[in-house]
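Okay, thanks for coming, everyone. Let me put the structure up on the screen, and then I'll walk you through it.

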Amino acid sequence: MRVSDHQLFGSTAGSLERIKERIVRVHEQIASQQRIAKPSDDPSIFGQAILEKSALADNEQWIRNIQFGTARVTVADKMLGEAHNLIARVRELTVQARSDTTSAQGRVTIAQEVRQLHRQLIQLANAEVYGQPVFAGTKTDAPPFVLGIGDAVSYQGNSEIQSIAVGPNQTTQIVLPGDQVFTGGTTDIFDGLSNLLTALESNNGAGIEVGIGVLDQATAQLSVAQGQIGAIANRLDTAQGTAQVVSEAIQKILSSQTDTDLATALTELKRQETAYEATSQTFSRLFDLSLLRFLR
Amino acid sequence: MGINRLVDIGKSALFTAQQAISVSGHNIANVNTPGFSRQQVTLSENRPENGSPGQIGTGVHAESIRRSFDAFVEQQLLVSRERVGEFTASSNALARLEPMFGDANNLGIGVGLNEFFSALQDVATNPNDLSARTVLLSKSTALASRFNQSAADLTAAQEFLDRQLGQTVTDANRLTSQIADLNAKIAYAESSGQQANDLRDQRGVALAGLGELVEVSSIEDATGQLTVFAGRGHVLVDKERSYQLVAVPDLGNNGLLDVHYDAGAGPTTNLTSVIQSGRLKGLLDVRDQTISSLQTSLDTLASEIVTQINQQHRLGFGLDGSTNQDMFAPTGTTANTIAVSLTNARQFAASSTAAGVPGNNANALALAGLRSTDFAVLGTVTFQEYYSAIAGNFGSTAQGVEGNLRAQQIVHDQLTSQRASVSGVSMDEELANLLQYQRSFEAASRMIVVADELFQTILSIKR
């Protein structure tokens with residue numbers, strides 16, 4: 001084949017240009033740490049990565065939701081525990097008051113302590129997380145239990161439950177409405193305490209006896225609520241574990257699909273550099289091969 | 001037979017060697033001229049004279065100066081130029097659009113959707129928290145403006161391509177009138193039996209340039225003039241006359257330019273849909289197909305988001321008891337016009353009942369659930385899946401064009417190399433020719449010296 005100068009220079013320039021282009025590409029991948037930065041780098045992976053990022057955002061949001069829910073559930077659980085202890089203390093006092101050896105004056109004194117505990121129970125039942133009461137159903141803009149005339153307590157919340165998303169199409173209840181825990185269910189605990197106070201102050205032995213029965217029912221009702229809250233906490237825990245595992249798995253896939261593998265990229269860079277050097281050297285050799293050099 | 005004949009033979013050899021040296025010099029001088037075809041002298045013996053015992057030669061003359069040229073390679077190179085022109089235009093235009101899908105760097109609509117739905121969930125977990133609601137409003141606005149930005153980018157790209165199209169039409173007209181001009185010059189030069197080598201090279205360059213813009217075919221007539229056709233047989237150049245392409249705004253296509261053919265008389269013909277290759281084809285493809293389909297897809301997505309979110313949002317109740325409110329402006333159903341209409345964060349309808357305010361979050365949960373709902377309008381996929389398909393399709397188009405361009409460039413390089421092998425100048429060859437003709441020049445000079453000495457000898461007889 002006849003080889004013209006233009007051919008020689010042109011093809012060498014073309015090869016060098018192509019190698020340089022590849023070097024720049026690899027360099028970009030190394031610098032940005034992204035193997036796939038734009039749709040044309042790998043269309044199907046790029047599209048998939050968008051969906052994976054979306055799934056990742058979902059899982060991280062679920063974890064966020066669960067953390068928020070867990071805060072409420074933990075407080076509710078703690079409050080129920082304290083309410084449980086508080087009722088036990090009231091029962092202890094009431095049993096003491098029931099004894100025939102306790103005078104009317106003694107019963108009034110006990111009533112004073114029971115009243116303190118009654119007020120304390122209102123406080124427990126009005127407990128808030130981030131400014132929102134945990135036993136108000138969804139009426140979270142005001143304290144649910146309001147002390148009225150005398151020892152009467154009224155429930156201002158509602159019976160609705162709040163749920164949060166914790167997984168794909170999964171929601172979990174994160175509150176127990178106060179009417180279910182304190183005023184409704186089997187016993188109205190506040191009514192029972194109010195009646196007990198009246199019985200203590202009016203030295204009414206039979207009333208005190210009834211009060212003890214109510215307290216036992218209250219304990220049972222709180223235990224049921226504690227069980228429910230425990231189950232909710234458990235579900236949240238499991239859901240969080242799942243979301244975390246899935247989240248990590250997605251991150252791993254995303255990274256393996258779209259991040260630059262340094263070993264591969266550096267090897268490729270070295271390869272292209274070598275090709276560039278070799279081509280340059282061949283070129284300078286060819287350039288020396290000219291009749292002009294021998295015609296002096 | 002006289003000594004004079006010897007002088008004449010020497011003279012013819014001197015002239016011919018000089019001519020050959022000039023041609024080599026011309027080749028060397030044009031080693032880097034684009035489109036130059038190497039020229040060669042063909043030598044031939046002069047007509048012999050009759051004599052005894054036989055015919056006797058009378059020297060040498062240069063019969064013709066030919067250019068080395070392979071019509072087949074040139075034709076293939078022209079086709080390859082058209083393809084390279086087409087793919088280069090498309091590939092550049094698509095590369096400019098790619099940043100729109102900045103999802104790898106957390107900049108795309110996909111990320112906007114993620115953030116919007118996350119903010120929605122935050123309100124769902126904490127429905128009467130005003131700060132979560134405010135964040136939701138700002139994320140909704142951000143989502144809308146991501147759509148607006150993409151739509152604006154697409155329109156800007158379309159207008160940019162349109163201007164390029166207009167410029168390309170102007171360039172094509174310049175080249176056709178150049179070819180027509182050269183046609184006239186070549187016909188004139190060759191009518192007297194000359195070979196218009198350099199003019200033909202120049203016309204080849206102009207034709208190649210035209211081929212990069214639009215697909216052309218050509219035939220040469222007996223006078224050496226080219227007739228050039230484009231767009232299914234429309235004559236662009238006929239002898240020394242060229243016909244114009246004109247860019248005409250198409251009112252049915254947002255005033256974007258169509259390419260028309262002006263036959264010089266009567267109405268112009270629309271060639272937009274028959275252009276097969278070249279830069280014009282590349283520009284038209286991206287402008288009218290890729291960008292248009294992106295616009296349609298983004299509009300569909302924006303419209304469906306507005307419809308679905310609004311529909312669910314209207315069912316709920318805001319902190320202030322408001323209900324039946326739209327979250328996005330119901331009139332903004334394109335990527336360009338989508339906008340948030342809710343201004344007060346308290347009006348976001350998280351609650352499904354009026355009584356459930358502020359803690360009820362059922363409507364917010366339902367809204368958040370739209371994220372994983374398949375919609376028939378989108379082809380039974382979710383918002384995010386639809387968007388991912390848009391990005392994937394665009395990526396495939398861009399990747400395909402890039403691949404085509406790379407492959408075509410390799411073909412083009414090979415053809416260029418083939419052309420260079422036939423028509424390119426080799427310095428070594430020219431230097432060898434120079435030496436060869438220099439030697440024959442020297443020998444011819446010597447011959448004249450010999451003839452002179454013969455004359456001297458004869459003249460000295462008389463003395």
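Let's start with what I mean by contact: two residues are in contact if their C-beta atoms, placed from the backbone, lie within 7 Å. A quick word on the source: this is a predicted model, where local features need pLDDT of at least 70, side-chain atom pairs count only at pLDDT 80 or more, and totals for chains, interfaces and linings use all residues. Residues are numbered from 1 along each chain as its sequence is written, while chains are lettered from A and ligands numbered from 1 in the order in which they are written.

So, the interface. On chain B, 48 residues are in contact with 51 residues of chain A. Which helices of chain B each supply at least two residues to that side? Those are α3, α7, α8 and α9 (427–461). Helices here are DSSP runs of H or I with at least four residues, strands are runs of E with at least two, and both are numbered from the N terminus. The helix that gives the most is α8(B), with 18 residues. By class, this side of chain B has 18 nonpolar, 23 polar and seven charged residues. For the classes, Ala, Val, Leu, Ile, Met, Phe, Trp, Tyr, Cys and Pro count as nonpolar, Asp, Glu, Lys and Arg as charged, and the others, Gly among them, as polar.

Next, a sheet in chain B. It's open, with three strands in the order β7-β8-β9 and antiparallel pairing; two strands pair if DSSP finds at least two bridges between them. β7 (244–250) and β9 (269–270) of chain B stand at the edges with a single partner strand each, so one side of each has no neighbour in the sheet. Seven bridges join β7(B) to β8(B), residues 256–262, and V246(B) has H260(B) as its bridge partner.

Most residues other than glycine have a negative phi, and most peptide bonds are trans. Yet the bond from S52(B) to P53(B) is cis, with omega near 10°, and P53(B) sits in the loop between β1 (39–45) and β2 (60–67) of chain B. V357(B) and P358(B) are also joined by a cis peptide bond, with omega about 5°.

And which residue has a positive phi of about 60° without being a glycine? That's N106(B), in the loop between α2 (71–97) and α3 (109–125) of chain B.
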